[in-house]
Amino acid sequence: MYWTFGNLGSTGWDDLGGMGIVVAALIVYCCFHRWDYNALLSGSETAVSLGINVRRLILVNMVLCCLTTSVIVANVGLISFIGLVAPHIVRMVVGNNHIYVIPGSILTGATILLLSDLFARVVISPVILPIGAITSFLGGPLFLYLLFKEGKRE
């Protein structure tokens, strides 16, 4: 049950070391490649013409994101929708420039997780609600909004 809905209550300081190293490595990698991500927004042909090895960039990104996700899920369980909600909220505010999207997504995701955990602990005081359920209540409607908004554009 703990792993299915996510729980920050059983995560200790000793767990943060491994998670912190992996997340910090991903953040550094993404910050160094933010210009490559901006070039990919114009299409893979444009990125290739700018000298970016698109296949390698995509493969390394997928491996690093899978590694980071697996380490975090192994320690805290499934906490739904933060990875979807945070970047879309940031994109609505600052646009698609990855110079702002990457740090904004980090801060927004951390804030959403912190506020969701606070809400999960306080709403029914002695009982701690699963944090994944709280984030799903935020992420589900936002995902549907984004889905229908994209459908109206086409």
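Colleague: Which residues does N38 touch, leaving out those up to four places away in sequence?

Modeller: In this predicted model, and with residues up to four places away in sequence left out, N38 touches N96, N97, H98 and I99.

Colleague: Where is N38 found, and is N38 buried or exposed?

Modeller: N38 is found in helix α3, and it counts as buried because its relative accessible area is 17%, which falls under the 20% cut-off.

Colleague: Which residues make up the largest nonpolar core?

Modeller: That core has 10 residues, namely L26, Y29, C30, Y37, A39, A47, I52, V54, L57 and I102. At least two of its residues come from each of α2 (13-32), α3 (34-40) and α5 (54-76), and the largest share, three residues, is supplied by α2.

Colleague: What does I52 touch, again not counting residues up to four places away in sequence?

Modeller: On that basis I52 touches D36, A39, A47 and L57.

Colleague: How many residues are in the other core that lies apart from the largest one?

Modeller: That other core has six residues, among them I82, A86, I112 and L142.

Colleague: Changing topic to α7, what span does the helix reach, and what is expected?

Modeller: Helix α7, residues 98-122, has 25 residues and reaches 35 Å from its first C-alpha to its last, which is close to the 36 Å expected at 1.5 Å a residue.

Colleague: Which residues of α7 are buried?

Modeller: The buried residues of α7 are H98, V101, I102, G104, S105, T108, G109, I112, S116, D117 and A120. Of these, I102 belongs to the largest nonpolar core, whereas I112 is part of the other core, of six residues.

Conventions
Residues are numbered from 1 along each chain as its sequence is written. This is a predicted model: local features need pLDDT of at least 70, side-chain atom pairs count only at pLDDT 80 or more; totals for chains, interfaces and linings use all residues. Side-chain values use heavy atoms; hydrogens and water are left out. A nonpolar core is a set of buried Ala, Val, Leu, Ile, Met, Phe, Trp, Tyr and Cys residues joined through side-chain atoms within 4.5 Å. Buried means under 20% relative accessible area, exposed over 50%, partly exposed in between (1.4 Å probe, protein chains only). Helices (H or I, at least four residues) and strands (E, at least two) are DSSP runs, numbered from the N terminus. Contact means heavy atoms within 4.5 Å. The expected span of a helix is 1.5 Å times one less than its number of residues.
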